[in-house]
Amino acid sequence: MSRPRSAVPSSTPSASSEAGHAPMGPIRPGPGAKAALAPAFVEVTAGFWGTRREVNSRTSIPQGPGLLESAGNLHNLRVVAGTAEGEFQGAYPFVDSDVYKWLEAAAWQLAQETSEDDGPLAADVERIVSLVADAQQPDGYLNTWFQLLKGGERYKDLRWGHELYCAGHLIQAAVAHHRATGRPELLDVAVRFADHIDTVFGPADSGKPLDGIDGHPEVETALMELYRETGERRYLDLAGYFVDRFGHGALGGEAYCQDRVPLREATNVEGHAVRQLYLLAAATDLATETGDAELRAATERLWVAMTTTKTHITGGLGAHHDEEDFGDPYELPNERAYCETCAAIASIQWSWRMALLTGEARYSDLIERTLYNGFLAGVSLDGERWLYVNPLQVRDGHTDPGGDQSARRTRWFKCACCPPNVMRLLASLEHYLASGDAGGLQVHQYVTGRYSADGITVRCETDYPWQGVIGLTVEEAPADRPWTLSLRIPQWCGEFRVRCGDTAYDQTDAPVSDGWLRLERAWAPGDEVVLDIGLDPRLTAADPRVDAVRGCVAIERGPLVYCLEQVDHPGGGLDDIVLDTTRPLAVKHRPDLLGGVTTVVATGHRRQIPDAGWWPYRSAEATDAPPADEPLELTAIPYYAWANRQDGSMRVWLPTS
C-alpha cells in the first residue's frame with residue numbers, strides 16, 4: 001500500500017486544499033491562491049506512462065547514488081562534512097545540484113513505494129540526507145565548490161557561481177522529502193539555508209549586504225514552494241524580490257541571463273532557455289499566490305510569444321548550442337537544434353503552473369506535446385542512457401563530437417543536470433495530469449489509473465497514445481450536487497466521438513469550449529464515459545517563416561511526432577529521401593519493436609542528383625533529375641524512441657520535392 005498523503009503533519013500550513021485533497025506534489029498552491037484550478041490526486045497504474053515510470057523507478061533512480069559516487073558529487077560533500085579527505089571533484093560549481101535533484105526524485109518515488117519495496121531506496125535517501133546535513137555550515141550556507149575550491153569565498157561570482165541555483169534544488173528536494181515522508185531532517189536544512197539567504201540578499205535600501213541575483217534562476221520557485229510548505233511569508237517576499245530584480249543590470253544587462261529587460265516589460269523569451277523558463281515559472285507562482293495582474297499578464301504574453309515563434313514541433317526549446325539560448329523568432333534549426341532536455345522539463349513545469357492559474361487547456365496541450373516528444377526522447381528506453389540535446393536531424397555521415405552535446409545516448413554527463421531532472425519529473429508525473437475546482441474534475445492528460453478531487457474519483461482505462469479510446473468510470477461522486485467532468489480535447493484533434501450514458505456526441509455537437517469537453521450532471525458511481533479520439537496519421541507543415549523546414553513536412557499521429565531512422569532504411573541514407581505526399585499513410589503496431597510502438601508507413605523516393613563535379617552549386621534554372629521510378633517504403637517511428645538501436649542518421653522534417 002502506498003504511503004498515505006496524510007504523512008505530512010497536519011500542522012503544515014499547506015496540508016489542506018480547497019479541493020479536499022492535498023496532493024503532495026512539487027507544485028501546491030496555498031489555500032489563498034488566486035488560481036482557477038488546484039492539482040488533483042492521480043494514481044498511474046499501467047499503460048504507456050506506467051511503463052516509463054516503472055523503468056524510472058526500477059532502473060534510473062536506483063543507479064543514481066552509484067553515478068553520483070563515481071562522478072565525485074558525494075565525495076565533495078563528505079570532504080566538506082569532514083568525514084573524508086581529498087580535493088574537489090567535478091568541472092562545475094553546480095555539481096551539488098545533481099545530488100539534490102536525485103534526492104527529489106527519490107522522495108517522490110518513496111511516496112509511491114510499498115513499505116516492502118522501498119528499503120534500499122529509503123536507506124540511500126536517509127544516508128545522503130544525513131550527509132547533506134553534516135556538510136551544511138553553522139550559518140546555513142552550503143556549496144562544496146566554494147567551500148573547497150574558493151576558500152569559503154561566497155557570492156563573489158553571482159553570474160556563474162550558481163550558489164542560489166544549488167540552494168534552490170536543495171530546497172525543492174527538502175519540500176519533496178517532507179511531503180512524501182513527513183520527516184523534517186532535510187526540510188530543516190532547507191529552512192536554515194533559506195534563512196541565511198534572507199539575511200544576505202535584499203534591496204539596496206534594506207540594509208542587507210547584497211543587492212543581487214543568481215545568474216541561473218531556480219531559487220525563486222524553490223522559495224515559493226518553501227513558503228507554501230511552511231507558511232513563512234519572508235520566503236514569498238524574497239522570491240518576489242529576486243524575480244523583479246532581473247532586467248535591471250545586476251548581471252551586466254545581458255539577455256543570456258534574463259537581465260536585459262525587466263520581466264514585466266518583456267515581449268519575448270530570450271537568452272538561456274532553461275534560465276528563462278525557471279524564472280517564468282517563479283513569476284507564475286507569484287502571480288498565483290499574490291494575484292499580481294501585471295505579472296500574470298507578462299507570463300501569458302511571454303508564453304504565447306514562445307509557442308508561436310520559438311518552439312520546435314517536438315515541444316523542444318533552444319536554437320543555439322552556443323549559450324544554450326532561444327535564438328531569434330522562427331529560428332528553429334534541425335541538425336543544430338539544441339532542445340536541451342532540461343528545457344523541455346522547465347517548459348512542462350511552467351505550463352502546468354499556467355494551466356492551474358488560468359484554467360486554459362492550451363497550456364496542457366503544450367505539456368502533452370513536450371512530454372511525449374521533447375522530454376521523453378531525453379532518456380533511453382532502458383532508463384540507463386541519456387540525451388542532453390535533442391536534435392531533429394542527424395545527417396548521413398554525421399561525425400559525433402562526443403561529450404555532453406552528443407547525438408548519441410550517453411551513460412552520464414560532465415554536466416549531469418538532465419538525468420536527475422528526468423528522474424524527478426517522471427517520479428512526480430502524476431501531479432501534472434489532472435486538476436479540480438469547485439465545479440468538478442478536469443482531466444488534462446490521459447493515463448490508465450485514477451483521478452481524484454473533492455470527493456470525486458474517476459477510473460481511466462486506455463491504451464493511449466497507441467489507441468484513441470479512453471474509458472472513464474465514476475467510482476466516487478458527491479451525492480448532494482451535480483458536477484462537471486472536463487476532458488481536454490487536444491489541439492491537434494480533428495475528430496472525436498464521446499458517449500456519456502445514453503447520450504452520444506461527435507465534434508460537431510459536443511459541449512466543447514476553449515479546448516474542454518465539459519460534461520455536467522449528477523453523477524453516480526458506475527456511470528461511464530467513453531471518449532474516442534481520432535488518431536489518423538497526419539502531415540504537418542511549419543509556419544513559412546521557419547526557413548529550416550520550408551518545403552518539408554513532418555509525420556504526426558495523436559500526440560506523437562515521428563521520425564525516420566537509418567536503421568529502418570537499408571541501402572542508403574536519409575538525406576536523399578523525398579516523401580510522396582500524394583500517397584496515403586498507414587499505421588502498423590509493432591509489439592516487437594522498441595518496446596512496442598505504432599509505426600507510420602509512408603511512401604517516398606530517393607533523389608537522383610546529377611553529378612555536378614567538384615562544385616555543388618549550379619544555375620537555379622537547372623533542376624534535379626526526377627525521383628527514381630521505384631517507390632520506397634518509409635517506416636516512421638515515434639521520435640521519443642530514436643537512438644535506441646544502432647547509431648545512424650535520423651530526421652523529423654521530410655522534404656516533399
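Analyst: In this predicted model, helix α5 (residues 119-135) and helix α8 (residues 185-200) have axes that cross at roughly 30°, and because an angle under 35 degrees counts as roughly parallel, the two helices are roughly parallel to each other. Their axes come within 9 Å, and α5 passes α8 in a left-handed crossing. On the side of α5 the contact is made by V129, V132 and A133, and on the side of α8 by E185, L186 and V189. Sorted by class, these are five nonpolar residues and one charged residue, with no polar residue taking part.

With a relative accessibility of 26%, Q137 counts as partly exposed, and, once its neighbours within four places in sequence are set aside, Q137 is in contact with Q147 and R154. The C-alpha atom of Q137 is separated by 36 Å from that of S351, a residue 214 places away along the chain.

The loop between α6 and α7 (163-181) holds Y155, which is not a glycine and yet has a positive phi of about 55°. Most residues other than glycine have a negative phi. Y155 is buried, since its relative accessible area is 8% and the cut-off for burial is under 20%. Q258, also not a glycine, has a positive phi of about 55°; Q258 lies in the loop between α10 (233-245) and α11 and, at 5% relative accessibility, counts as buried.

Helix α11 itself covers residues 273-290, and its 18 residues, at 1.5 Å a residue, should span 26 Å, which agrees with the 26 Å between its end C-alpha atoms. This helix is mostly covered, with 17 of its 18 residues buried, and it is followed by G291, whose phi is positive, near 75°.

N56, in helix α1 (residues 47-60), is buried with a relative accessible area of 1%, and, leaving aside its neighbours within four places in sequence, N56 is in contact with I61, P62, M423, L426 and A427. In the loop between β7 (456-462) and β8 (469-476), where P465 is found, a cis peptide bond joins Y464 and P465, with omega at about 10°.

Conventions
Residues are numbered from 1 along each chain as its sequence is written. This is a predicted model: local features need pLDDT of at least 70, side-chain atom pairs count only at pLDDT 80 or more; totals for chains, interfaces and linings use all residues. Side-chain values use heavy atoms; hydrogens and water are left out. Helices (H or I, at least four residues) and strands (E, at least two) are DSSP runs, numbered from the N terminus. The expected span of a helix is 1.5 Å times one less than its number of residues. Buried means under 20% relative accessible area, exposed over 50%, partly exposed in between (1.4 Å probe, protein chains only). Axes are lines fitted to C-alpha atoms, for helices over the stretch in contact, and angles run from 0 to 180 degrees between N-to-C directions. Angles under 35 degrees count as roughly parallel, over 145 as roughly antiparallel, 65 to 115 as roughly perpendicular and the rest as oblique. A crossing is left-handed if the near helix is turned anticlockwise from the far one by less than a right angle, and right-handed if clockwise. Contact means heavy atoms within 4.5 Å. Ala, Val, Leu, Ile, Met, Phe, Trp, Tyr, Cys and Pro count as nonpolar, Asp, Glu, Lys and Arg as charged, and the others, Gly among them, as polar.
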